[in-house]
Amino acid sequence: MSTENALLTILVEKIQSDSLVLPTLPEIAIKIREAADDPDVNLHMMANVISQDPALSARLVKVANSAFMGRSVKVDSLNQAVTRIGLRQIKNIATAIAMEQLFVSKNELVREYMQKSWEKTVNVACVAIATMQKWEKGHKHTSINIDTLTLAALVHSIGVLPILTEAERHEEVFANPSFLEAAIKRMGGKLGGAIMRSWGFSGDFIEIAEKWNDLEYKTQSVSYIDFVRVGALYHDVLCKGQADIDKYEFYVEKGVVEDIEYFKSDEFNKALLDIKSVFS
């Protein structure tokens, strides 16, 4: 049996027996989410929780000052940053930023794959957010929101992590990118859904992690998964090689995107740069 087949067999068996080790949410993200769910929490209390992680604190000050937040007056403290971002948004934005901590490895080959995976995830997320910003302008009373999409887009491919972690024991498979891509495509969704459930996330997050790359699965109304898929289409993660008019047709008809010319517009490119500043 080849190394690839052996690894695939191991992965399938561990998934079926629920014995595959799933990644855990970073501790600081857990604390922030618990604090945000406390009905008595205030902005000062939230800032105290976030201050336990200096790197995250610095990133949130940067987010508060980014073009994404659309403010010209700069903030220079964590308390000011949390006030500007707000309790409703801080839960998902802080979790999204903390997510990057999961894509690390002591193995050089695995680390390289994880970094590429994270970069791809961020690229997809940025396009998804830019697309939703445009869509929101014509849908003022929607129940879906940017801060939830930000986190949902950054966890959409979380199922790749346990696959790469398991493959870390078999360095030779990293010489075969096509095998890893096939394993991720075959099992990533199932694992992504399992991770979301183990983290206690809601149905939208589970749906996206499980179904984002299953184009047979569709929702009737515009939903988060549509924006994630548009981001994946833009970066050729889905439907690679297809003409733009074909791959975006469904999303234009559904009203997710007005027309494909938006992706060539100055408005889109500026929005994309603003959003990328949050993750740089």
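This is a predicted model: local features need pLDDT of at least 70, side-chain atom pairs count only at pLDDT 80 or more; totals for chains, interfaces and linings use all residues.

User: What is the volume of the largest pocket?

Analyst: On a 1 Å grid over the protein atoms alone, a pocket is an open set of points with protein on both sides within 12 Å along at least five of seven lines. Grid points are joined across faces, edges and corners, and a volume is the space filled by probe spheres set on the points. For the largest pocket, the volume is about 640 Å³.

User: Which helix gives the largest share of its lining?

Analyst: Lining residues have an atom within 4 Å of a point. Helices are DSSP runs (H or I, at least four residues), numbered from the N terminus. Helix H7 (108-136), helix H9 (160-167) and helix H10 (177-198) each supply at least two lining residues. The largest share, seven residues, comes from H10.

User: Which helix gives the most to the lining of the second largest pocket?

Analyst: This pocket holds about 260 Å³ of space. Its lining has 13 residues, with Phe68, Gln133, Glu136, Lys137 and Ile146 nearest the centre. Helix H6 (87-98), H7 and helix H15 (266-279) each supply at least two. The most, four residues, comes from H7.

User: How many residues lining the largest cavity are charged?

Analyst: A cavity is a set of points where a 1.4 Å probe fits but cannot get out. The largest cavity has a volume of about 50 Å³, and its lining includes Phe68, Ile129 and Thr150. Ala, Val, Leu, Ile, Met, Phe, Trp, Tyr, Cys and Pro count as nonpolar, Asp, Glu, Lys and Arg as charged, and the others, Gly among them, as polar. The lining divides into eight nonpolar, one polar and, for charged residues, none.

User: Is H6 roughly parallel or roughly antiparallel to H8?

Analyst: Axes are lines fitted to C-alpha atoms over the stretch in contact (heavy atoms within 4.5 Å), and angles run from 0 to 180 degrees between N-to-C directions. H6 and helix H8 (residues 146-154) pack at about 20°, with axes 8 Å apart. Angles under 35 degrees count as roughly parallel, and over 145 as roughly antiparallel. So H6 and H8 are roughly parallel.

Definitions and conventions:
Residues are numbered from 1 along each chain as its sequence is written. Side-chain values use heavy atoms; hydrogens and water are left out. Angles under 35 degrees count as roughly parallel, over 145 as roughly antiparallel, 65 to 115 as roughly perpendicular and the rest as oblique.
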